[in-house]
Structure formats: C-alpha cells, structure tokens
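Subject: Structure for you to look through

Hello,

Please find below the structure that we talked about handing over to you. Take some time to turn it around on the screen before you read on.

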Amino acid sequence: MSKINVALLGYGTVGKGVYRTIESHQDRLQRLLGKEVKVVAILVRNIDKHIAPDEHVLLTTNYEDILSLPELHIVIDAIVGREPGFSYLKKAIDKGCHVVTANKEMFAFHGTELQALALEKGVGLGYEATVAGGIPIIQTIRQLLSVNHFLGIEAILNGTTNFILTNMRKLGSTFAEALQVAKENGYAESDPTNDIEGYDALYKGMVLSQLIYGGKPNIKSVKRKGITHIQPNHMKIAEEADLRFKHVVTLSKSNNEIQCKVEPVLVPDSHPFYQVEGVQNSVSLATDLLGTLQLQGPGAGMFPTASAILEDIIQLENEHKAPPAAKDSVTDQDALSQWVIFGGYLESEKLGSDIKIIEKLDDTAWVIEAEYIPLGLSHSSDVTIYPLRGKYERKKLPIQV
Ligand SMILES: NC(=O)C1=CN([C@@H]2O[C@H](COP(=O)(O)OP(=O)(O)OC[C@H]3O[C@@H](n4cnc5c(N)ncnc54)[C@H](OP(=O)(O)O)[C@@H]3O)[C@@H](O)[C@H]2O)C=CC1
Ligand SMILES: N[C@@H](CC=O)C(=O)O
C-alpha cells in the first residue's frame, strides 16, 4: 500500500495529539484515503526533552533534515509564533508538500501569503485547527459563504479564558489556580499571556475576518481586553443576578470597515453563551439567508485539535487526488460514458461497434453509450455532441440504426 509521509513540526500538546491520533486511527485513515499515513519526522526545539515515538521516526532540531527527506507529502505546523513557522511552511510549499497549521498567530499574519503560494504551487493548505479547536468552523463558514452574506460574528474563541472564568465561579478557584489547571490540561499557550490578555482570541478573529470579509481589521483600531482585571467579588455579584462573565470576540463590517473587539462581557441566562462552560468555545454566525447559526464544542486540548488537523489532512488529500490515468483515446470527454448526439443522420458505419445506442430521441437526436467518442464523429461538422451527466433511463425500446 502506498504511503502519505508526514512531518510534524512541534511535539508538544498538539504534535503529540496528532501523532497518537494518526496511530490510533490508522485503519480508518487507510479506508478513507487508500494509503497508509505515516509520521516520518518530528521537529523539536530542545531534543533532550524528547524521545522519538518509534525508531523509524526522525527526531531532529534541524528543519533542513526534514526538507531533504526524499518522499515527504505533508508538513504539519504545531510550533509556536510567527517565525520560524512562516518560513518553514513556505519552504515546505516550495518543495511541493501540502501544509496544515494549528499556529494561529503565524496564520493570522501570514495566512494570505501562504494561501497564494500554495495556490501557485498547486498544493493544499489546511488551517481548521487555528480557530476554535475541534469545532469545524472554517469548513462551515466556507460552505455558508457560497450562498450567504455574513452580517457578523460573536464568539468565545479561547478555551483557557473560558475555563478560568468557569473554575473561578463554579469551584471558587483563584485566577492562578485555574490557569495552572488550564496549563496542565494542555489548553494554554506556551506563553499564557496570549490567552489571558486576549491576543490568542484576536489572532483567531483575524483568521475569521480574512476568510469572511477577505481582509483583516486594523490592529490599531481593535479593542482588546483580557480577563486579568475581573475581580472575584464582581463575579459573585453577577452570578447572584444570573449574569456570567464571558470573554467574547465580536466581528462585523460596516462602511467597508472591519470592526473587531475582544473583551469580557456579561451575559444573562437567556443568552446562548451563558451555558458555554469550561474549555468549550462557541461561535454565533449571523447570516442573511440562514439566519443565526450557533456552533459549540471543545476549543482547545490535545485530541480536539488533532481532530481538526486530521480533518484537514483527509480533505486536502481527497481534493488533490491524482486524476485517473489518461486513456489513449482522443477526446476530453472520455471519462464520460453517455452522450447525446444532435444533428446529421446517424449511420451505423459512422458509429463503430464500440458504441451502443441507448435511445433515439427523434430523427436527429440520439443517446449513446461508449468509452469514448471517435474522432471522426466528434469532428463531424453536422453533429453536436453533449456529454450526459448521471445515468440516462431509457424511455422507449432501443432502435436499430
Ligand atoms: N494547545 C492547544 O489546545 C492548541 C494549540 N494550538 C496551536 O498549536 C501550536 C502548538 O501548541 P501546543 O502544542 O499547545 O504547544 P506546546 O508548547 O505544547 O508545544 C510546542 C512544540 O513546538 C516545539 N517548538 C516551538 N518552537 C519551536 C521552534 N522554533 N523550532 C522547533 N520546534 C519548536 C516545542 O519544542 P520543545 O518541546 O523542544 O520545546 C514543542 O514541542 C501553537 O501555535 C498553538 O497556538 C492550536 C489549537 C489548540
Ligand atoms: N490556548 C488556546 C488553544 C487553542 O487554540 C485556547 O485556550 O483556546
């Protein structure tokens, strides 16, 4: 069985989650892709902290070792920060690899350039894991965008802050205690300032903005506030009035300007975010046709993030499947098996024995079935041939020519 060779950049919470999921879901992946998916190399920063999970996996701190692998198909970015992630993915795309990233900071700033490069090189680029952890938000928005116009988004996009707010309120934890558990659970960024001061949520908002509005908000005009100043006694008073603190990203566009806010807000028990607890994220998408769609699910952590990355791998592998091998035949219609021929008088000698007449529609129109249309017929000036999509159901008895 042929293989899809994968390199993992980063072997922390996300990298390990991806490795383990590829191992545990190998049979399923093989059924879906018809190929074995194999992690062949892992890049880390500090090699002394790690052991290769398998003797056949190259564990290295040198990206060039990975780029020089002769057979490499997919590079997954699960490292931290804008650089070196951006440069690494550019090199992977240049080499002809598909790339998948979970690195939202890098993608928020360099996503458009990477997408253009991937398009130019004919490779795939997946970034489902950059926003809202395991929620398939990127796919959902892409699908909706084909018909809907987006009026705005309201979302809880950071699992760590929602987890901290929940634990402080429900368990009476201090801020520091709740953050410590979020770190231990693998939810927090390697520098948790990104979570608690709202940078991570802002990066995710930027990724969504680029997808929905084709541009990003002006960073200088974005109101970004974290959760560090929320006082426990304010939480208590709010709770008694059935109000809860939620850290919310709001995205909209008016007068051709994209507005983005990241801030703690209070929601009443009638609001959909009221029950969004712990590491959950929630995204409320307001559209012109569908109305408002609400998605909710785990926003951080090892396996929800691995799920998003694996979804990307499956999708881009299927999108970039090699086309079926060309036949020796002569027209570009040869993948089709049925055609409708209009015009002229169809003579059996013109057709040849490989062509079956399915039905005569009238004196000048015929439904036929064949592997391909012979050149003589397709170049004949008195006939027009249309490929038939789907399977034609015969209405009358077949007619002999
Ligand atoms: N944790 C989560 O729930 C989610 C995280 N993400 C994103 O995924 C990425 C990874 O997150 P996470 O796994 O939590 O982070 P971790 O801190 O757990 O792991 C980061 C890994 O990347 C490696 N690394 C970092 N910088 C470099 C570098 N310059 N060169 C080589 N290796 C490097 C580290 O190596 P070493 O171990 O040697 O230090 C480590 O193995 C981040 O961009 C994050 O924002 C996205 C969605 C969810
Ligand atoms: N630190 C992030 C991880 C996922 O993106 C979060 O808590 O949401």
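This is a predicted model: local features need pLDDT of at least 70, side-chain atom pairs count only at pLDDT 80 or more; totals for chains, interfaces and linings use all residues.

The secondary structure of the protein chain comes to 14 helices and 16 strands, and of its 401 residues, 38% count as buried. If you look at contacts between residues at least 6 apart in sequence, 69% of them join residues that are at least 24 apart.

Around ligand 2 you will find residues including Gly-133, Asn-158, Thr-160, Tyr-187, Glu-189, Asp-195 and Ala-300, and the shell of ligand 2 divides into 3 nonpolar, 5 polar and 3 charged residues.

The largest nonpolar core has 74 residues, of which Leu-8, Leu-9, Val-18, Val-75, Ile-76, Val-99 and Ile-309 touch the most other members. Helix H10 (residues 199-213) provides the largest share of this core, 8 residues. Because domain 1 (3-130) and domain 2 (137-299) both give residues to this core, it lies between them. Another core, of 14 residues, lies apart from it, and Leu-165, Ala-182, Ile-196 and Ile-227 are among its members.

Two residues show how such contacts are arranged. Leaving aside neighbours within four places in sequence, Leu-8 is in contact with Gly-15, Val-18, Tyr-19, Val-39, Ile-42, Ile-76 and Ala-78. Ala-78, in turn, is found in the loop between strand S4 (74-77) and helix H4 (85-94), and its contacts, with neighbours within four places again left aside, include Leu-8, Leu-9, Gly-10, Gly-12 and Ala-102. Is Ala-78 buried or exposed? Ala-78 counts as buried, because it has 27 C-beta neighbours inside 10 Å, and 20 or more are needed for that label.

That loop between S4 and H4 also contains Pro-84, which is joined to Glu-83 by a cis peptide bond with omega about 10°. Most peptide bonds are trans, and most residues other than glycine have a negative phi. Ala-132 sits in the loop between strand S6 (125-126) and helix H6 (137-145), and it counts as buried because it has 32 C-beta neighbours inside 10 Å. Asn-256 belongs to the loop between strand S9 (243-254) and strand S10 (257-268), and with 7 C-beta neighbours inside 10 Å it counts as exposed.

Finally, please look at strands S14 (residues 356-362) and S15 (residues 365-369), which run antiparallel and are joined by 5 bridges. S14 and S15 form a hairpin with 2 residues between them, and the bridge partner of Ile-357 in S15 is Ile-368.

With best wishes

Methods. Residues are numbered from 1 along each chain as its sequence is written. Chains are lettered from A and ligands numbered from 1 in the order in which they are written. A nonpolar core is a set of buried Ala, Val, Leu, Ile, Met, Phe, Trp, Tyr and Cys residues joined through C-beta atoms within 7 Å. A residue is buried if 20 or more other C-beta atoms lie within 10 Å of its own, exposed if 12 or fewer, and partly exposed in between; C-beta atoms are placed from the backbone. Helices (H or I, at least four residues) and strands (E, at least two) are DSSP runs, numbered from the N terminus. Domain bounds come from an automatic or database domain assignment. Two residues are in contact if their C-beta atoms, placed from the backbone, lie within 7 Å. Two strands pair if DSSP finds at least two bridges between them. A residue is near a molecule or strand if its C-beta atom, placed from the backbone, lies within 6 Å of it. Ala, Val, Leu, Ile, Met, Phe, Trp, Tyr, Cys and Pro count as nonpolar, Asp, Glu, Lys and Arg as charged, and the others, Gly among them, as polar.
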